Amino acid sequence: MEIDLTKIGMYEDQQYEVIITTIDKDGNSNAAPFGLRVLNDNEVFLRIFEGGNTIKNIKDKEEFIVNITNDPLMFTLSTTNTIPDEYLTRIPNKANTDELAYLTDADAYFICEVKSLKTTLREDDIKSSDVNYIKSEVVELNIKNKCVKPMNRAIHALIEALVNYSRINIVDEDTQKYFLERFLESERVIKRVGNEEEKESIQILKEDLINQGFEI
């Protein structure tokens, strides 16, 4: 099967919110949410901080599964702890005797093999920590739902901005100030991970607010 991530709506140089599933050396599963950037049709990039089970398992096994889903429960479970095995399906790894696991109800999933992994020290005002930069090749793509649509934070940020925009002239000044602060956060997210249409949309919204006399 030819690997082409555009078949599931994932495009070059765009970032998507996904759930990564891994299995450790003892056979225990782990699931966690991450932002994943597409490099080309069959290569992806992850940035993962040191310390969690996901990066440990990726370093040990040099493979993982990316699950495409919009299920809020799966994102919540994987963020607060990890997704229980009852929501996972285990499959044999064709390359060796190990198992892999994917979200049973995922709209699509793909198997990745690590091609390069670089660890560097990241310093900021809060603390210093190691961060891992991982480039991986997609070796198998499975589409379970023909209407699969990967999650991108930008469209949600845009919708929130539009809702607040529709109400900004009927609320008090304190709420207007809050809406404008939220707008700036939405703009930041869209500029960072949005596509061209989303970036154009938030710019149109910004110009309209400025024309109305709001200071942004």
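**Close-up views of a predicted model**

**View 1. Glu181 in helix H4.** Glu181 lies in helix H4, which covers residues 173–193, of a chain whose structure is a predicted model. Although 35 residues separate Glu181 from Ile216 in sequence, the C-alpha atoms of Glu181 and Ile216 are 8.5 Å apart in space.

**View 2. The whole chain, as a setting for the details.** The chain holds five helices and eight strands, and read from the N terminus its elements follow the order β-β-β-α-β-α-β-β-β-β-α-α-α. The C-alpha trace spans about 65 × 45 × 30 Å along its principal axes, and 42% of the 216 residues count as buried. Of the contacts in the chain with a separation of 6 or more, 67% are between residues 24 or more positions apart. The chain exposes about 12200 Å², of which carbon and sulfur atoms supply 46%.

**View 3. Packing of helix H3 against helix H4.** Two packed helices are described by the angle between their axes and the distance between the axes. For H3 and H4, the axes come within 9 Å and cross at roughly 155°, and the two helices are therefore roughly antiparallel to each other, an angle over 145 degrees being the cut-off for that description. The crossing of H3 and H4 is left-handed. On the H3 side, the residues in contact are Arg153, Ala154, Ala157, Leu158, Glu160, Ala161, Asn164 and Arg167, and they meet Phe179, Arg182, Phe183, Ser186, Arg188, Val189, Ile190, Arg192 and Val193 in H4. By class, the residues of this contact of H3 with H4 comprise nine nonpolar, two polar and six charged.

**View 4. Packing of helix H3 against helix H5.** Helix H3 (residues 153–167) and helix H5 (residues 196–211) have axes that come within 10 Å and cross at roughly 20°, which makes H3 roughly parallel to H5. The crossing in which H3 passes H5 is left-handed. From H3, Ala154, Ile155, Leu158, Ala161, Leu162 and Tyr165 take part in the contact, meeting Glu198, Ser201, Ile202, Leu205, Asp208 and Leu209 in H5. The residues of the contact of H3 with H5 are nine nonpolar, one polar and two charged.

**View 5. Packing of helix H4 against helix H5.** The axes of H4 and H5 are 9 Å apart, and the two helices pack at an angle of about 155°, so that H4 and H5 are roughly antiparallel to each other. H4 passes H5 in a left-handed crossing. Leu180, Phe183, Glu187, Ile190 and Lys191 are the H4 residues of this contact, and their partners in H5 are Glu198, Lys199, Ile202, Leu205, Lys206 and Leu209. Sorted by class, the contact of H4 with H5 has six nonpolar, no polar and five charged residues.

**View 6. Asp13 and Gln14, ahead of strand S1.** Asp13 belongs to the segment before S1, and Gln14 is found in the segment before strand S1 (15–23) as well. Most residues other than glycine have a negative phi; for Asp13, however, phi is near 65°, a positive value. Asp13 has a relative accessible area of 51% and is therefore exposed, whereas Gln14, at 15% relative accessibility, counts as buried. Leaving aside residues up to four places away in sequence, Gln14 touches Leu36, Arg37, Val38, Asn152, Val193, Gly194 and Asn195. One of these contacts of Gln14, Val193, is also among the H4 residues that meet H3.

**View 7. Glu62 in the loop between helix H1 and strand S4.** Glu62 is located in the loop that runs between helix H1 (53–61) and strand S4 (63–68). Its phi is positive, at about 60°, although Glu62 is not a glycine. With a relative accessible area of 49%, Glu62 is partly exposed.

**View 8. Ser136 within strand S8.** Ser136 is placed in strand S8, which covers residues 128–143. Its relative accessible area is 1%, and Ser136 is therefore buried. Not counting residues up to four places away in sequence, Ser136 touches Asn42, Glu43, Val44, Phe64, Cys112, Glu113, Val114 and Lys115.

How values were computed
Residues numbered from 1 in each chain as written. Predicted model: local features only at pLDDT ≥ 70, side-chain atom pairs only at ≥ 80, totals over all residues. Heavy atoms only, no water. Axes fitted to C-alpha atoms, helices over the stretch in contact; angles between N-to-C directions. Helix = DSSP H or I, 4+ residues; strand = E, 2+ residues; numbered from the N terminus. Parallel < 35°, antiparallel > 145°, perpendicular 65-115°, else oblique. Left-handed = near helix turned anticlockwise from the far one by under 90°. Contact = heavy atoms within 4.5 Å. Nonpolar A, V, L, I, M, F, W, Y, C, P; charged D, E, K, R; others polar. Buried < 20%, exposed > 50% of the residue type's maximum accessible area, 1.4 Å probe, protein only. Areas by Shrake-Rupley, 256 points an atom, 1.4 Å probe, with all protein chains shown as cover.
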